[in-house]
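Here are some notes to read alongside the structure, written for someone meeting a protein fold of this kind for the first time. Please keep the sequence and the model open while going through the points.

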Amino acid sequence: MASGRELKRHLVRLLFTLFRHPRIMGSVLLILAAVSLVSVFRGTFRNDVSHMLPDGSEAARCYETIARSSMFNKAPILFHAEDPGLFRTAEFSEKLERLVRLLSADERILRVDYRLLPGTPEEILSELVSYIPQYLPFSSLPEPAAAVAECRRQFLLPGGTGRSRLLEADPLSLASRLLLPLEHFRRVSRFSSAPDSPYLVSPDGRSLLILLETAVPATDPGSGRALLTFAEAQLREAGFVPGKDAELLFPHRRAMANEAVVKADILQVSILSLVIFSLLTVFIYRCDFRAFLIPAGPFLSALFTTALMPLVFRTPLFFIVGMGGIVISLALDYGIHMYAAMTGRGSFRSLTKILTPLLFAALTSGAAFLLFLFGATDAVRQLGFFSGVSLLLSPLLMLLILPPAFAHRKGQRNKPPVLRQRGFPPLPPRAVRIVWLILIAVSAALIPGLRVHSDARQFDLSPTEYEEQDAALIRTFQGGAAPAMALFRGETAEQAKDAASAAESVPECFSVSELYPRKSVREKNLEAWRTFEKKSWTEWTERLRAEADKNDFDPEFFTPFLNRLRQGILDPPADPPVCFRPVLDRLLVRGTDGLWTAAALYPETSETAARLSSLPGAVVIARDHFAEILARDLTRGILPLAIGAVISVLFLTWLFFRSVRDTFLALLPVFSSLLFTGALFSLLGKPVTVPVLTAAIILCGLAVDYGIFAVHAIRTGNTDNIFRAVTLSALTTAAGGLTVAFTRHPMLHSAGQTLIAGIGFAWFSALFLLPALVSGKKKKGVPACCFLLLLLPVFLTGCRSEPFEYESFPPVCELAGSRTKIPFPDNFSILGSVVMETPFFAMDFLCAAERKDGFFRIAGLSPGGVKLFETAGKLGEVSEFYFTPAAEMPGDPRDHAETLLRQFEYIFEGLGPCPDSVLKAAEPVMDGRAMEKDGRRWAGRNLDLIEKEKAGYYLYRNFGGFRFPVHIVYRGDWGYRLIFRISEAEAL
């Protein structure tokens, strides 16, 4: 590797070579800009959330399964009618059938689903008889005497008179048993429709549903917009008025709305960038029109990189390009330093002096982004490519543009800068150090309150009316609660269905395999029936006729049934029953990749989701479950990159200084900026999101630039322009953050707000703190590790965020008069997991607890099943206990047992409904959504207790008729906390 002197010599030679041919360089840049503009306008940019998911993660697997399975490419059309009889008229049926033909003619629509069960009940049962030999074991066939007796009993029941044709179709009640899976499906899916209509009509008869199965992914806004326009045109062609007679509830609307928001944000960022940077140039450089060339380098580098995006990435993202305002503001630093050097004494000599630190500053910032190329998320890789390449191109383009423009010429003088301060501000070093230590102490106290919010649903900016319309559709046909799903894939329909059969072992779960048993089961049943047909068919039928004659039945009454049954034995049907196909077509489908997907439905609970997730090949699709794994995977995808960015910045800074002491001092603005920004967010109640973490990585690369320039200026004694250069750099960077701070997209405005806050702290640390700590010469003094000890309490306190998100409660005033009181049992038992968390360690254990007549019994097991403790007692007095000795819990085990017992009694005491006295006297009402009285807070439709002095209840769930908190956080007196996740609860 060349030494620093050789590197500087090569940079100076390059600089003068470029300076000799300014016109050639300018012509080349103009040609490249024109080519780049053409490439940008011809490129296809999208806003696909799937690119934000880490490769190979559970969330990515879920999203990929959803995208490739045609099961979710459903576009609902909902018809309304004030008169329930409208959907039964011949005129409406004719218009509806015409609409279906028009829609089916388009190749983008694979299937139009608008019918329920085909045929009458008698026809359905008659068809199912031929499936009995495959679906039911031979042991289901009753003895002739019992079969005739049961048939006679059915005729004698009060409702038997109107069921004669049904009994004739299935006299042995075998075919009706095949309909039990349909009833199970109806109960689990909660889907209900009018039974007297051949269409998908709501129970009240006022809504009719059409589901379009389409090949257009819901994440494709362009194709979705064309599909929506086509469907509206076909509605008009069939005689319906869109928006009046029918609502098109296409899921593509969300992608279209988000794309519109991002496009508007990009336009806003572009305009604000031009306006703000132009105004800054006019103000800072006092109408020196040559200074307008400073933003030219960053703008051109962003343009060139944007043009490369469609060539490097298959699907470049809109919001990545929206980060251009921030990247431009970062790159302006290099132009500001060049301007400061060129407007001083000995312009070219001053410029050559800063080339080396300028290069390393660009490398540190660019390396922090280029590290993203190794990320597990496509969006992160695109951000790394766009930002890293733009930052590395900017200094080169500025060396092509700025030195010739700023060079001294005859009759031309450089105007004095707007900031007259030349060196560092003359402040007392001791006072600065004291202020910094105070800020460190305050930040250390605030950091533990910082919360993390990584729910990716915050990135959905579609109008709330879409959510309301979707919820109304679910309420109309499913009573307000749609089931969750577990998906199983296979190369054939049989393989997918066989994989889904594993879900039958999970309680309250309906698997599509129940409607269509496995091939091996069908063949086994059919073989037993064929053996019976060959050996005993004639004898059994004669006995049946004899029993029928004894009970006054016509001997031919059973003949149609027996003929269909025998036909099913000799020539079994190969396809599923027609009455099962509407459900099978919805839950067993072939995807766009040729693979088949089979579904299992279940009422959404975290316990059932966990059980299904453990099944081989299962992909759980549930609203809360998907949000949880999405948040987890997004966080895991960005944290390694943040750590890598810090390490790369540390290494490159050391490579420049070759001194541990100077490296540590140059990194102080980085640590101070991150620490103080986190404390500010904690104070303001702003959560840490993925965009905030991304902006924090940007701060690492930016703040270290300030540290490098400040320490280098102090060591070399060249501090004339340091204040002006760093201040103007911070001002332009804050302006860049301002361009995106007021956009609607969270990826943009969160990053902008973080940069604005962090850049101020970095500026303070570089210009005020470093001069107070660094002397002009390297000399012995306080070791740098002593300053690191000042930061040690910050890292020891940790950054503990809330483990659960608070629910969004409706205003209390609307519920005060209509709440439903649900009593809480005095005696109960619970099962769950507990995490005991302190600033220094965390211990996980499984927990079982029981309260009966005021007596508590608690047991804790390790995840491997080893008993850790057991305690029992009443009113805090321990009657028996056991504790496994542990280094983390020294002292008397009885004291620990009593403490644990008191904590459990406190947590589970008084969990009943909010009393009327509290409701009337509660003051104050907290934000209109919760009420507080005597240190306790109630909220929710049932006014659940959500918080008392040391315990918070984040989620209630129904267990056997009573509501029980399943997410609990207990805050101890000495900085520890207990985090409960209750999986099962039962009243005793």
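1. In which helix is the place of Ala-496? Ala-496 has its place in helix α19, where helices (H or I, at least four residues) and strands (E, at least two) are DSSP runs, numbered from the N terminus. This is a predicted model, in which local features need pLDDT of at least 70 and side-chain atom pairs count only at pLDDT 80 or more, while totals for chains, interfaces and linings use all residues. Residues are numbered from 1 along each chain as its sequence is written, and side-chain values use heavy atoms, with hydrogens and water left out.

2. Is Ala-496 buried or exposed? Ala-496 is buried, with a relative accessible area of 0%; buried means under 20% relative accessible area, exposed over 50% and partly exposed in between (1.4 Å probe, protein chains only). Apart from neighbours within four places in sequence, Ala-496 has contacts with several residues, including Phe-488, Leu-588, Trp-596 and Ala-598, where contact means heavy atoms within 4.5 Å. The C-alpha atoms of Ala-496 and Ala-599 are separated by 8.7 Å, although these residues are 103 residues apart along the chain.

3. For the chain as a whole, there are 32 helices and 21 strands, and 51% of the 988 residues count as buried. Among contacts with a separation of 6 or more, 76% are between residues 24 or more positions apart.

4. Helix α20 (residues 519-535) has 17 residues, which at 1.5 Å a residue should span 24 Å, and its end C-alpha atoms are 24 Å apart, which agrees; the expected span is 1.5 Å times one less than the number of residues. The buried residues of α20 are Arg-522, Asn-525, Leu-526, Trp-529, Phe-532 and Glu-533. Seen down the axis of α20, these buried residues fall within an arc of 115 degrees, so they line one face of the helix, the arc being that of the directions from the helix axis to the C-beta atoms. On the other side of α20, Lys-524, Lys-534 and Lys-535 are exposed, while the buried residues pack against α6 (132-135), α19 (493-500), α21 (537-550) and α22 (559-570).

5. The largest nonpolar core has 69 residues, of which Ile-132, Phe-580, Leu-587 and Leu-612 touch the most other members; such a core is a set of buried Ala, Val, Leu, Ile, Met, Phe, Trp, Tyr and Cys residues joined through side-chain atoms within 4.5 Å. A second, separate core of 64 residues includes Phe-304, Leu-332, Leu-358 and Leu-675.

6. An open sheet of four strands has the order β2-β3-β1-β4, with antiparallel pairing, where two strands pair if DSSP finds at least two bridges between them. Its edge strands, β2 (109-113) and β4 (246-248), each pair on one side only. Within this sheet, seven bridges join β1 (residues 74-80) to β3 (residues 207-214), and Leu-78 stands opposite Leu-209 in β3.

7. Strand β10 (residues 828-837) deserves a separate look. Eight of its ten residues are buried, so β10 is largely enclosed by the rest of the structure. Ten bridges link β10 with β21 (residues 977-987) in the antiparallel sense, and Met-836 stands opposite Leu-978 in β21. Strand β11 (residues 842-852) is also joined to β10 by ten bridges and runs antiparallel to it, with Ser-833 opposite Leu-846 in β11.
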